[in-house]
Amino acid sequence: MNQNSTDPTPTPDPASAAAAQRLGEQMKGLHRYVSGQLMRAMQDQLQGDDMSFSQMTALHQLRAHAALSIGGLADLTGLSLPAASHLIDRLVQRGFVERRENPDDRRAKLLALTADGHAFLDSMDRRFNETYQQVFGRVSRHVIEAAADNVAAVMAELHAQDAAFCPHTPPEDTE
């Protein structure tokens, strides 16, 4: 790879650029295929559980951020404050979310997942994993092992480059 003197990002040679474009196209095709399977599985589960996509998104945001105000949740989900409040009312009624005292402001409430909310998201995670296993389970072991090894090598190289350019950023979990 060539190095531009003013840009710390490596400039690929034409063959590497073509290979990167080919990989990008293949990844896009794989993503479309797997996403279609995942969306069907998620839609089936959400309909079976009488949950909306917005409700599921709110639950994921609460899991990621531990406790949020309704305004914070509205910002993260792109909902208006009244829509987020109404959505939370329904999730509280279902027992997936609870309102807690804000230790910094007694007049304000914070939202947090309940054990049932965590259990629901855990079941969604299991369904996603099952879908990945069903999709990739249809491919020969040799091809899957080679793909997994190659993806791991790509991720390792990307993380090494990230660490070299931004040493204070911890590597992402690849599992």
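Author: Start with the elements. Helices (H or I, at least four residues) and strands (E, at least two) are DSSP runs, numbered from the N terminus. This is a predicted model, so local features need pLDDT of at least 70 and side-chain atom pairs count only at pLDDT 80 or more, while totals for chains, interfaces and linings use all residues. Residues are numbered from 1 along each chain as its sequence is written, and side-chain values use heavy atoms, with hydrogens and water left out.

Now the patch. L23, M27, L30, V151, V154, M155 and L158 form a nonpolar patch on the surface. Patch members have over 30% relative accessible area and no salt bridge; nonpolar side chains (Val, Leu, Ile, Met, Phe, Trp, Tyr) are joined within 5 Å, like charges within 9 Å. A salt bridge is a side-chain nitrogen of Lys or Arg within 4 Å of a carboxyl oxygen of Asp or Glu.

α1 (14-48) and α6 (141-165) each supply at least two residues of the patch. α6 gives the most, with four. M155 sits in α6.

α6 also carries charge. E145 and R141 form a salt bridge, with the closest N and O atoms 3.1 Å apart. The two are four residues apart in α6, so about one helical turn separates them. R141 is exposed, at 65% relative accessible area. E145 is partly exposed, at 39%. The cut-offs: buried means under 20%, exposed over 50%, partly exposed in between (1.4 Å probe, protein chains only).

The largest nonpolar core has 19 residues. Such a core is a set of buried Ala, Val, Leu, Ile, Met, Phe, Trp, Tyr and Cys residues joined through side-chain atoms within 4.5 Å. α1, α2 (53-65), α4 (81-93), β4 (105-113) and α5 each give two or more residues to this core. α2 gives the largest share, four residues. Among the residues with the most contacts inside the core are L59 and F120. F120 touches Q45, L46, D49, M51, L59 and F96, leaving aside neighbours within four places in sequence; contact means heavy atoms within 4.5 Å.

α2 and α5 are also linked by charge. D125 and R63 form a salt bridge, with the closest N and O atoms 2.9 Å apart. D125 lies in α5 and R63 in α2, 62 residues apart. Both are partly exposed: D125 at 29%, R63 at 31%. With D122 they make a network of salt bridges. In total, eight salt bridges are counted.

In one, Y132 and F136 are stacked, 6.1 Å centre to centre with 15° between the planes. Rings of Phe, Tyr and Trp (its six-membered ring) pair if their centres lie within 6.5 Å; planes under 30 degrees apart count as stacked, over 60 as edge-to-face and the rest as tilted. Y132 and F136 are four residues apart in α5 (residues 115-136), about one turn.

Last, the whole chain. There are six helices and four strands. Their order is β-β-α-α-α-α-β-β-α-α. Of the 175 residues, 21% count as buried. The accessible surface is about 12,200 Å², and 54% of that surface belongs to carbon and sulfur atoms.

Note on methods. Areas by Shrake-Rupley, 256 points an atom, 1.4 Å probe, with all protein chains shown as cover.
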